[in-house]
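Dear colleague,

Please find the sequence and the structure below. My notes on what was found follow directly after them.

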Amino acid sequence: MTLMINITFPDGNVRQYEPGSSALDIARSISEGLARNVVSATVNGQLTDRDLPLSKNATLALHTWNDQAGKETFWHSTAHLMAEALEAMYPGIKFGYGPSSEKGFFYDVEPPAGTVISTDDFPKIEAKMIELARRKNDFVRKEVTKAEAIAYFTEKGDEYKLELLESLEDGTITFYTQGEFTDLCRGPHIPSTGAIKAIKLMKVGGAFWRGDESNKQLTRISGISFPKAKELTQHLEMLEEAKKRDHRKLGKELELFMFSDKVGAGLPMWLPKGTQLRERLVNFLKVKQENAGYQQVTTPHIGKKELYVTSGHWDKYGEDSFQPIKTPRADEEFMLKPMNCPHHCEMYKFCPRSYKELPLRLAEFGTVYRYEQTGELHGLSRVRGFTQDDAHIFCMPDQVKGEFIAVVDIVKDVLNVIGFDDVTAQISLRDPNKPEKYIGSDENWDTAERAIIDACKEIDMKTVTAYGEAAFYGPKLDFMVRDALGRSWQLGTVQVDYNLPERFELEYIGSDNQPHRPVMIHRAPFGSLERFTSILIEHTGGKFPLWLAPDQFAILPISEKFNDYCHEVSKQLATHDIRGLVDDRNETIGRKIRDNENNRIPFMLIVGEKEVDAGGVAVRIQGEGDKGTMSVEEFIAFFKEQL
Ligand SMILES: [Zn+2]
Ligand SMILES: [Zn+2]
């Protein structure tokens with residue numbers, strides 16, 4: 001009798017299979033449909049081909065076009081297809097890296113001397129790729145010796161592949177061939193090029209070999225591909241819409257935030273309307289947190305360098321951070337705080353703690369500073385100074401599950417209210433085959449991992465599980481939302497930490513009268529107010545939920561003789577907590593409507609002779625049009641229904 005192997009699925013289920021079964025066989029055992037669609041698999045945290053035989057117990061996630069890893073297998077395979085097309089069109093072309101990215105693929109190439117590839121060439125290249133894809137060539141994997149690989153690329157004259165080979169060990173080298181093209185690659189790939197039905201090359205530009213400016217500049221050609229032509233059409237429409245919703249563009253138009261070269265790149269300044277929006281988000285979350293037993297605290301923006309030596313941040317990130325601030329004293333150095341946790345750990349030590357005080361939940365909308373590379377900065381989504389909706393929960397190991405449930409509950413609730421109804425959580429666990437990578441006892445890890453999985457189940461959170469993605473100091477949960485354009489964004493995180501309590505020697509006295517070490521949970525549901533707002537702007541296209549909108553109404557007098565009446569109405573609405581403005585500029589009513597429409601003001605209240613006489617307003621809804629005349633009381637009631 002053959003000994004069966006245990007295969008652990010992302011939901012924690014374990015099934016038995018014959019040794020030598022492949023991910024494809026396993027998919028087939030689940031359903032024929034899955035087997036048809038599976039393109040690759042993650043085995044023990046490693047992305048592999050779907051037909052590689054499994055000989056030992058393993059964790060397994062199957063990938064299809066519908067998940068990110070599956071898409072990336074598809075896109076990376078398209079990079080090979082593009083290389084095949086380029087080689088046919090430009091004999092002698094050399095190839096560097098050709099990976100997938102989050103949103104497609106690229107290949108860094110060196111065209112033959114004297115040849116320049118430009119966007120004008122894209123239609124020809126795309127046509128060639130489609131022609132090759134129609135041949136439905138299989139991606140054929142072959143293990144080769146290092147000597148064979150070197151011989152192949154020496155013969156071909158591709159010094160980039162030869163350089164990549166230098167760092168590879170004999171016995172680990174694989175070639176993949178589809179049609180006429182062979183590449184050095186560790187895979188995985190889709191089974192056949194036939195699945196690639198639609199291709200769009202997006203960009204061509206320079207890229208230094210291996211990202212190093214002292215190396216030769218290669219040509220990077222990037223694109224995206226799909227299994228159905230219709231999906232490409234939809235994607236292009238989405239990009240068009242995304243351009244209109246770009247938060248940097250809308251942020252300026254709606255006067256939410258700004259940047260100034262003089263203040264510094266990556267340091268956003270929130271204008272009055274943006275600040276109102278931000279404060280509303282903060283207050284909303286604060287109330288939720290206070291109800292859930294959090295206590296707000298405030299800590300300074302800087303801390304002594306020693307604080308970060310203790311926390312380990314200095315060793316890990318010090319070189320790439322804002323450098324220490326000097327003082328008149330030679331032996332004194334401060335850091336801009338990159339995280340709030342070290343401050344909160346010190347706060348935990350304010351007094352001796354008893355198990356009766358736990359969980360202790362310290363919350364702070366804490367502003368932190370991280371030195372991002374200039375090229376990485378992007379509007380509000382990648383900045384150098386930002387405010388986290390941070391909190392640290394200090395608890396006993398058996399309280400972790402309850403705390404997770406409470407945290408996930410808040411997050412789900414908050415995101416739903418704000419208008420994200422498609423929320424997924426990624427559970428990042430240990431790599432079960434590399435226990436040496438992690439600190440903390442197995443028992444604690446088991447408890448924490450189980451707690452996260454159970455918590456998500458208990459409150460019906462959609463999840464995906466990633467083995468090997470945990471931090472060395474604890475498992476975590478990351479929240480992802482899908483926006484109105486179907487794009488996925490990673491938001492905040494909940495993270496279990498056994499490391500900082502150790503480094504800061506945190507203790508509590510247990511019911512046994514003995515000192516114990518608490519577990520720390522870091523959590524920031526939005527991640528940061530900046531990043532969250534950038535996603536919110538693009539998700540809503542600037543049409544924020546009514547309760548968040550900086551101005552909920554604009555009153556538009558048709559002529560200046562109605563200005564006083566309009567200000568009276570505005571005051572009346574204010575007493576009902578309805579906020580807005582009177583647009584008493586000396587402009588035509590047509591112009592006023594257009595401007596307020598563009599400013600995404602939810603309600604426009606137009607006032608002329610007729611409205612003044614009737615003691616009412618003519619109501620117009622942004623993006624919808626006229627709703628007729630209402631008395632002010634009627635409008636208030638109508639407004640409250642929409643909240
Ligand atoms: Zn490849
Ligand atoms: Zn933290």
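Is His522 buried or exposed? With a relative accessible area of 13%, His522 is buried, since the limit for that class is under 20%. Please bear in mind throughout that this is a predicted model.

The chain in general

The chain has 643 residues, of which 51% count as buried. Its secondary structure comprises 20 helices and 33 strands. Along the principal axes, the C-alpha atoms fill a box of roughly 90 × 75 × 60 Å.

The zinc site

His522 is one of the residues that coordinate the zinc ion (ligand 2). The donor atoms are SG of Cys341, NE2 of His392 and ND1 of His522, at 2.0 to 2.4 Å. The spacing of these donor residues in sequence is C-x50-H-x129-H. Because Cys341 lies in helix 12 (residues 341-348) and His522 in strand 28 (residues 519-524), the pair ties together parts that are 181 residues apart in sequence. Cys341 is buried as well, with a relative accessible area of 5%.

The second largest pocket

The second largest pocket has a volume of about 1300 Å³. It is lined by 41 residues, and those closest to its centre are Tyr317, Met339, Arg370, Phe386 and Gln388. Elements that give two or more residues to this lining include helix 11 (313-317), strand 21 (385-395), helix 16 (529-540) and strand 28. Strand 25 provides the largest share, five residues. By residue class, the lining divides into 15 nonpolar, 13 polar and 13 charged residues.

Aromatic rings and charges

The structure holds 23 aromatic pairs. One of them joins Tyr152 and Phe153 in an edge-to-face arrangement, with 5.0 Å from centre to centre and 85 degrees between the planes. Tyr152 is partly exposed, at a relative accessible area of 31%, whereas Phe153 is buried, at 1%. Elsewhere, ring pairs link Trp65, Phe74, Trp75 and Phe226 into a cluster.

Arginine side chains also lie over rings. The charged end of Arg220 sits over the ring of Phe106, 3.8 Å from its centre, and Arg278 lies over the face of Trp270, at 5.0 Å from the ring centre.

Met238, in helix 7 (residues 229-245), is buried, with a relative accessible area of 17%. Met238 and Gly486 are 248 residues apart in sequence, yet their C-alpha atoms are 8.3 Å apart in space.

Backbone details

Two peptide bonds deserve a note. The bond from Gly187 to Pro188 is cis, with omega near 0 degrees; Pro188 is found in the loop between strand 11 (181-184) and strand 12 (198-208). Leu358 and Pro359 are likewise joined by a cis peptide bond, with omega about -5 degrees, and Pro359 lies in the loop between helix 12 and strand 20 (360-369).

Positive phi values occur in residues other than glycine. Glu255 has a phi of about 55 degrees and lies in the loop between helix 8 (247-253) and strand 14 (257-258); at 47% relative accessibility, Glu255 counts as partly exposed. For Asn513, phi is near 70 degrees. Asn513 is placed in the loop between strand 26 (508-509) and strand 27 (515-516) and, at 60% relative accessibility, counts as exposed.

With kind regards

Definitions and conventions: Residues are numbered from 1 along each chain as its sequence is written. Chains are lettered from A and ligands numbered from 1 in the order in which they are written. This is a predicted model: local features need pLDDT of at least 70, side-chain atom pairs count only at pLDDT 80 or more; totals for chains, interfaces and linings use all residues. Side-chain values use heavy atoms; hydrogens and water are left out. Donors are N, O and S atoms within 2.8 Å of the metal (3.2 Å for Na, K and Ca); water is not among the atoms, so sites may look incomplete. Helices (H or I, at least four residues) and strands (E, at least two) are DSSP runs, numbered from the N terminus. Buried means under 20% relative accessible area, exposed over 50%, partly exposed in between (1.4 Å probe, protein chains only). On a 1 Å grid over the protein atoms alone, a cavity is a set of points where a 1.4 Å probe fits but cannot get out, and a pocket is an open set with protein on both sides within 12 Å along at least five of seven lines; lining residues have an atom within 4 Å of a point. Grid points are joined across faces, edges and corners, and a volume is the space filled by probe spheres set on the points. Ala, Val, Leu, Ile, Met, Phe, Trp, Tyr, Cys and Pro count as nonpolar, Asp, Glu, Lys and Arg as charged, and the others, Gly among them, as polar. Rings of Phe, Tyr and Trp (its six-membered ring) pair if their centres lie within 6.5 Å; planes under 30 degrees apart count as stacked, over 60 as edge-to-face and the rest as tilted. A charge sits over a ring if NZ of Lys or CZ of Arg is within 6 Å of the ring centre and within 35 degrees of the ring normal.
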